[in-house]
Amino acid sequence: MLSAWQVIIITILAFLVPVDKYGMTFGLRWPIIPAFLMGFILGDMQTALYIGGTLQLMSLGVASIGGSSVPEYSTAAIIATTIAVVTGKGMEAGLAIGLPVAMLGVQLDVFAKILNGFVVRTSQNYANKKDFGKMIKILMVGPLITGLTAAIPVFLAISMGPEIVNKILAITPSWFISGLTIAGRVLPAVGIAMLLNYMPVRKYVYYLFLGFFFAAYLGVPILGVTIIGLIASMKYYSENQSKMGVNGTSSDNVANVGGLEDE
């Protein structure tokens with residue numbers, strides 16, 4: 001059972017997630033960060049990082065571009081970690097509650113943007129009247145509306161208590177829980193595949209194969225593969241910098257420019 005201070009801190013953390021996404025950008029928009037903080041709040045870092053890492057992989061390649069709304073995976077990380085730790089039923093139980101709230105975050109985000117449109121229009125009217133004091137005050141309503149889109153669902157989800165959550169899970173069909181388990185294993189791969197679409201994979205495909213070889217055939221842990229990748233990237237960056245000219249243009253580009261001038 002959560003204590004009062006835990007409910008308050010978790011709700012505040014949830015409030016800061018969407019505000020951070022559109023303003024502060026301290027990293028709370030990435031599921032692994034709020035999950036890491038939840039590990040301290042709930043005293044179960046292993047479960048928190050496991051859930052946060054899974055949702056982080058799910059969210060790879062998903063971005064809110066051009067004002068579009070996407071599932072709030074960070075909010076899902078907060079709820080899923082809380083449910084998993086409080087009920088003791090693991091990640092699947094947490095995702096059964098957390099993922100639907102993440103999907104609900106799409107509609108809530110759209111609703112918040114509509115309301116904030118009125119906020120901006122009102123603040124613009126005050127700005128035109130040179131009443132900047134009221135302009136600033138009305139603008140502060142924007143982050144409040146945005147933060148509540150996550151704080152309210154999280155508060156309702158975690159304040160219901162483990163008994164109600166257990167009852168919900170008890171009446172949840174087994175096929176639904178099994179589906180979430182499969183999704184928890186498949187969606188990270190989908191997220192990575194989406195991310196690779198934005199990366200120059202063909203140019204560096206041998207690095208991808210090398211990492212797969214280390215992980216699949218040599219049994220190198222993911223941290224070890226990460227360190228190897230970091231060393232390779234530092235080596236590439238160092239060699240690339242050495243090829244740069246004084247004016248910041250690579251020698252290859254200088255040669256190409258010279259060839260164009262000769263033509």
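A nonpolar core is a set of buried Ala, Val, Leu, Ile, Met, Phe, Trp, Tyr and Cys residues joined through side-chain atoms within 4.5 Å. In this predicted model, the largest such core comprises 18 residues, and those with the most contacts inside it are I10, M38, I78, I79 and V154. At least two residues of this core come from each of α1 (4–24), α2 (32–42), α4 (73–87), α5 (90–128) and α7 (141–159). Helix α1 gives the most, with five residues.

A second, separate core contains 13 residues, including M91, L95, L99 and A102. Returning to M38, and leaving aside residues up to four places away in sequence, this residue touches I10, L13, G43, A48, I78, T81 and T82.

Of its 263 residues, 34% are buried. Among contacts between residues at least 6 apart in sequence, 70% join residues at least 24 apart.

A nonpolar surface patch of about 860 Å² is formed by Y206, Y207, L210, F212, F213, Y217, L218 and Y236. Helix α10 (residues 205–216) gives the most to this patch, with five residues, while Y236 lies in helix α11 (residues 222–242). Why does Y236 count as partly exposed? Its relative accessibility is 34%, and the partly exposed class lies between buried, under 20%, and exposed, over 50%.

Technical notes. Residues are numbered from 1 along each chain as its sequence is written. This is a predicted model: local features need pLDDT of at least 70, side-chain atom pairs count only at pLDDT 80 or more; totals for chains, interfaces and linings use all residues. Side-chain values use heavy atoms; hydrogens and water are left out. Buried means under 20% relative accessible area, exposed over 50%, partly exposed in between (1.4 Å probe, protein chains only). Helices (H or I, at least four residues) and strands (E, at least two) are DSSP runs, numbered from the N terminus. Contact means heavy atoms within 4.5 Å. Patches are made of residues with over 30% relative accessible area and no salt bridge: like charges are joined within 9 Å, nonpolar side chains (Val, Leu, Ile, Met, Phe, Trp, Tyr) within 5 Å. Accessible areas come from the Shrake-Rupley method with a 1.4 Å probe; for residues, only the protein chains shown count as cover. A salt bridge is a side-chain nitrogen of Lys or Arg within 4 Å of a carboxyl oxygen of Asp or Glu.
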